[in-house]
Amino acid sequence: MILDLQNICKSYGEGKYAVPILHDVCFQVEKGEYVSVMGPSGSGKSTLMNIIGCLDVPTSGTFTLDGHEIEKCSQDELSEIRNKTIGFVFQNFNLLPRETALENVALPMLYGKVGRKERLERAARALESVGLSERMDFYPTQLSGGQKQRVAIARAMVMNPPLLLADEPTGALDSASGVQVMELFQELNRQGVTIVMITHDPDVAAMAGRQVMIKDGVLKANHMKNQRVGDLID
């Protein structure tokens, strides 16, 4: 098991001013699974993603990620976990505008203390794997939305993390680009990458092998029939 959240609660504020966001969430993901978490705005799904991504800490409960007891980890240990264990893909790409596609993809390896030559070689291979070998020297402003997201996916996977965490990865894309991104996710999953995807789109959520719903901070199973990627453009 790569992900195990038990009785996770999250509130913001203290005492009578505390605002509860997550309520007793239990969530487990096996290695190699592809799971979507679906919910409306304000449901708590972004808060849940931040906790899974070690970007925030729960108010109570326990969280084990790839064998690490997260509540016992130091800040330095959490930084290393984020760098080596989790690949992040965001709705708005989060690319550095003054860096080329190649330099953006190489960035996690800089934090991981990989040598420059190896960084550039691995970044080039990662961009080739997402079909952007001819766009390596392009800046984000020279790329389409779909190309930016493929750069972001290459960056997320360049450290070979076992877990890919995606937050609304098709939210800023047109339908055709969204299909390309979902096909990439399915291929990564076939290669053994565990994927947890946050989305509000039922068609995108249905691409995953398992779907769960979150509403008002409560997580529950949802049984949606899987669909073909091509159904997204019907």
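Me: Is Asp24 buried or exposed, or something in between?
Reply: Start with the classes: buried means under 20% relative accessible area, exposed over 50%, and partly exposed in between, with a 1.4 Å probe and protein chains only. Asp24 has a relative accessible area of 47%, so Asp24 is partly exposed. This is a predicted model: local features need pLDDT of at least 70, side-chain atom pairs count only at pLDDT 80 or more, and totals for chains, interfaces and linings use all residues. Residues are numbered from 1 along each chain as its sequence is written, and side-chain values use heavy atoms, leaving out hydrogens and water.

Me: Where is Asp24 found, and what is its phi?
Reply: Helices (H or I, at least four residues) and strands (E, at least two) are DSSP runs, numbered from the N terminus. Asp24 is found in strand E2. Its phi is near 50°, a positive value in a residue other than glycine.

Me: Where is Asp66 found?
Reply: Asp66 is found in the loop between strand E4 (60-65) and strand E5 (68-69). Asp66 is not a glycine, yet has a positive phi of about 50°. Asp66 is partly exposed, at a relative accessible area of 27%.

Me: How many salt bridges does a search of the whole structure find?
Reply: The general idea: side chains of opposite charge can pair when their charged atoms come close. The criterion is a side-chain nitrogen of Lys or Arg within 4 Å of a carboxyl oxygen of Asp or Glu. The search of the whole structure finds seven. One of them joins Glu33 and Arg210, with the closest N and O atoms 2.8 Å apart.

Me: Which parts of the chain does the pair of Glu33 and Arg210 link?
Reply: Distant ones. Glu33 sits in the loop between strand E2 (19-29) and strand E3 (34-38), while Arg210 is in strand E9 (residues 210-215), 177 residues apart. Arg210 is partly exposed, with a relative accessible area of 27%.

Me: Which residue forms a salt bridge with Glu69?
Reply: Lys72 does, and the closest N and O atoms are 3.0 Å apart. Glu69 is partly exposed at 39% relative accessibility. Lys72 is exposed, with a relative accessible area of 62%.

Me: What separates Glu80 and Lys84 along helix H2?
Reply: About one helical turn, because they are four residues apart in helix H2 (residues 75-84). Glu80 is partly exposed at 45%, and Lys84 is partly exposed at 40%.

Me: At what angle do helix H3 and helix H5 pack?
Reply: Axes are lines fitted to C-alpha atoms, for helices over the stretch in contact, and angles run from 0 to 180 degrees between N-to-C directions. Under 35 degrees counts as roughly parallel, over 145 as roughly antiparallel, 65 to 115 as roughly perpendicular and the rest as oblique. Helix H3 (residues 101-111) and helix H5 (residues 145-157) pack at about 30°, with axes 7 Å apart. H3 and H5 are therefore roughly parallel.

Me: Which residues make the contact of H3 and H5?
Reply: Contact means heavy atoms within 4.5 Å. H3 gives Ala101, Asn104, Val105 and Pro108, and H5 gives Val151, Ala154 and Arg155.

Me: How do the axes of H3 and helix H4 cross?
Reply: The axes of H3 and helix H4 (residues 116-129) cross at roughly 125° and come within 8 Å. That makes H3 oblique to H4.
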